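Work through the exercises below with the model open beside you. Each task is followed by a stepwise solution.

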Amino acid sequence: MRRSVLAAPLLAALALAGCASQISALAPVSGGDITALRIAAIDVLEQQGVEMMLVPACVTEGEGYACSGTTFDGKPIEVTSPGTDPLGMTVTVDGAVVFDGSVKDVIDKAAQVTE
Amino acid sequence: MAGLSRRAFLATSAALAGTWGLSREAVARTLARPLSLGEAGSTLQQTIAIGPVQSRNYRTLLSAPGEPHIARTDILGVEGSSTRQQVRRSLVYIGHLSDIHLMDAQSPARLEPMIAQNHDTWGGAFRPQDTLTTHVAASMVQSIADVRFSPVTGAPLSAAFVTGDTADMLSHLETRWYVDLLDGVPITPNSGAVGIYEGVQVWGEAYWAYHPEDPTGDWFGEYGFPAVPGMLQAAVTQQVDSAGLPVPWYGVYGNHDTTFLGTLGVPPALKALAVGDRKAFEWLALGLDYVQGWSADTSAFGRLAHELITNLGLHSGFKSVTSDPARKLLEQQDFMKAHFQTTPNPGPVGHGFTQENLDTGRTYWSADIGPFVRAFGLDTCNQVAGPDGAVPQEQFDWLEAGLAQAQADGRLAMVFSHHNSATLENGAALATNPGQRLIHADEFIAMLLKYPACIAWVNGHTHINTILAHRAPDASSGFWEITTASCIDFPQQQQTIEVVDNRDGTLSLFTTVLDHAAPAEWSGDLSTMGLASLSRQLSANDWVEFPAMRLGSSMDRNCELLVQAPFDTNRITDAMIEAAQAADRTRIMAYEQGWP
C-alpha cells in the first residue's frame, strides 16, 4: 500500500505534460491492510475454536482499523489494529484477549508455511 | 425423474436429444439415472500449501488436506435447520472465473522495466510467470470442466461467469486468447517472431527480470528462483489445448480490459509502440516514451515536455524486436466485440453482450440462467485513471429496475461485476459522460439490500478470496458478496457457486474453491500442465505482494452461506427443477461428445 515518489526527471516531465491524473492512477488497489486484518482475525478465532455467528467485519477507524462480530453464544468479538507497519492486531472475545501479535505471522501460518 | 411424469420425461429427453444431435436412447438413459455427486477434485478433497524453502528464500508448494464447507450464518443471525441437508434442492450451479490476466509478455506495450523504478508501486508490471498465463487459463478451464457436476448435490453446471480482467495490457491478442481458451480452441501463445521468445527475460540488461535460462545475477536469482532451461521456448512455441468450458459463459469488463495496466490512459504513442519493433528494458526510457505520448499536443507544457525528453536523450533503453500488428491495443468497444467472435458452443454468442450493446455502446447486460435465476453483468470501470471502480447513475438505475423486475418475476438475482465493495470507490469522471454521478460502495450495497431477490454479488479485482455478508437493516434479508482470487497471482484459484433451496424458508449458497488442474508440486515438466504448475509455484514466491493473504480465511473459501429465501420456494416444483437439470445434463453430454 505504499507509493513511491517518481524519479525527478520523469515526475517533472509527467507534471509538465499535464498528466497529473496519470500519476494519481498509480494508486494501489484499495483495501489491502484491512483485508489482511480481517483474514488474520478469522484465522485466529478459527484456530482457537471460536464458533462465529457473525464473522468479524472491519472498518477504518482513524489511522487504524476495528472489526466486530459475535460468537454463536452471543459473546462480542472485537479486533483492533493501530494500522502501523508491520500490521499488528489484538483480538478479544467477550473482553478477554485471545491474541495480540502480527497479522502477517498469522496469515503465513494459516497458509501452512513450513520453515 | 420423480418430478416429471413418464410422458413429460420422454418428451423432454426426446426434445433435448434432438437439440443436441444425440441418441434419444442415450439421453433417456442418462437422464433416468439419479444425480450423483461430482467426484472430481476441488479443494474439498485437496488444497495446496506453501512448502519449505528450496533455495535462499524460494519455496515450493505441497499438497495439503481438503477443506469441508463451513456454514456461515451472518445474515440469518441464527443457525440453519438441522434437517436441511436431507431435503435441499439445487436451483443453480455455476462457475466463477475472474482476473485471468492473459498476457502477451513479448508485447512492446508492457511496462515491465517500471519495477526497477519501484517494485512496490509497479508490482503488476512484471511477474516471473508472465509467459505462462495461457497455460494457467487452460488448466483452470480443465478444472471447471472437471467439476461439471456439483460436489454438494450432483447437479450439472448451468453457466460460468468471468468477472473481468481477462486481458492484462489491453491487447487484442490477449482478448483473443481468452475467448479461444474458454471456447476450447487451441492457441499458440506467441507474438512477433515465430518460434522465438523476444523480451526482457532473455536480455541481460534487464537485471530486474527473472531469467529462467540462468537467473544468476538478476533480482529473482538473488531471491532463490530456480533455473528452468527451456521454459520460455516451451511457453511460446507449444500449442496450448483447452478443454473448453462445458457450459454457456458470460463476461464483464474489468479495469484491465478498459485501461492500460488496468490503471492508465492510452496515449497515441503507446498504441504505436504496441505494434512497433522496439521494446524497453530501462524504466526511465519507457516512462519518458509514455510521457511523450501525452506531450504530443502543441501546448506550451507539451512542447516543454517534448524538449525535456529529447534533451535527456533517453531513448537508448530499447531493443529491437519483431513487430506484430496483432498486438494492437483495444478500443473501448473491442472487448465487447471479441465476445462475438466465438464458437457456437458453449455460447452464447456475445457471452452476455448483445447486438444492442454494440449498437448503443452500453457495456452491461442481464440474462436469465435457467428458470430460476437472473444474472446482471455490470461494467464498474470508468475508462479513466485508477484501478478502482464505480457505478454510473444510469447503470445504477438500470440495475435497480432490473432487480425490482426480478423480484416481481419470482427470480433470484445474482449481480456480477469486476470491482467489489472494497474497491468501488473511484471518483474519476466517466469518460463518456463526465457529468454523470458515480455511485460508490455504500450506496450500491444499500440499493441491493432493498431487493431480497438479490442473493449474491459476485466479483473479483483484489485477487483475494473474500466472502462478506450484507444484511438488511431490519435483518429480514441480505445478500452475500463473493470475491474470488485470480489466475495470475498465488493461489491461482477460482470457484463454483451452487444455490440450493433448503425447503425451510432459507437458501444456501455453496462456494467451492478450485485450484487449477495442474499438479501442486512441479516436477520439471514443461508441458501445458507442467508450465501451469510452475506458474503457481513462481507466483507463491512474490516477495513484494503477500501471497498467503490472497488465500483468504477459511470463511472465505469453502462455505455454505445461508440467507432467507426471498419468496415461497414451494412454487418451484421438483418437476421444474428436474426439467432444468435435464437440459443442463444433456448439454454436458453434448460437450463430452465434442459438441454437435
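A crossing is left-handed if the near helix is turned anticlockwise from the far one by less than a right angle, and right-handed if clockwise. This is a predicted model: local features need pLDDT of at least 70, side-chain atom pairs count only at pLDDT 80 or more, and totals for chains, interfaces and linings use all residues. Residues are numbered from 1 along each chain as its sequence is written, chains are lettered from A and ligands numbered from 1 in the order in which they are written, and side-chain values use heavy atoms, without hydrogens and water.

**Exercise 1.** Describe how α1(B) and α2(B) cross.

Step 1. Take helix α1 (residues 6–20) of chain B and helix α2 (residues 24–32) of chain B; their axes come within 9 Å and cross at roughly 125°.
Step 2. Angles from 0 to 180 degrees between N-to-C directions count as roughly parallel under 35, roughly antiparallel over 145, roughly perpendicular from 65 to 115, and oblique otherwise. Therefore α1(B) is oblique to α2(B).
Step 3. The crossing is right-handed.
Step 4. List the contacts (heavy atoms within 4.5 Å). α1(B) contributes B:F9, B:S13, B:A14, B:L16 and B:A17; α2(B) contributes B:R24, B:V27, B:A28, B:L31 and B:A32.

**Exercise 2.** Find where confidence in chain A is lowest and highest among its elements.

Step 1. The average pLDDT (predictor's confidence in each residue, from 0 to 100) of chain A is 81, and 70% of the residues score at least 70.
Step 2. Helix α2 (residues 20–24) of chain A has the lowest mean, 49; strand β3 (residues 76–81) of chain A has the highest, 98.
Step 3. Residues 1–7 of chain A have pLDDT below 50, with 21 contacts beyond near neighbours in sequence.

Key. Helices (H or I, at least four residues) and strands (E, at least two) are DSSP runs, numbered from the N terminus.
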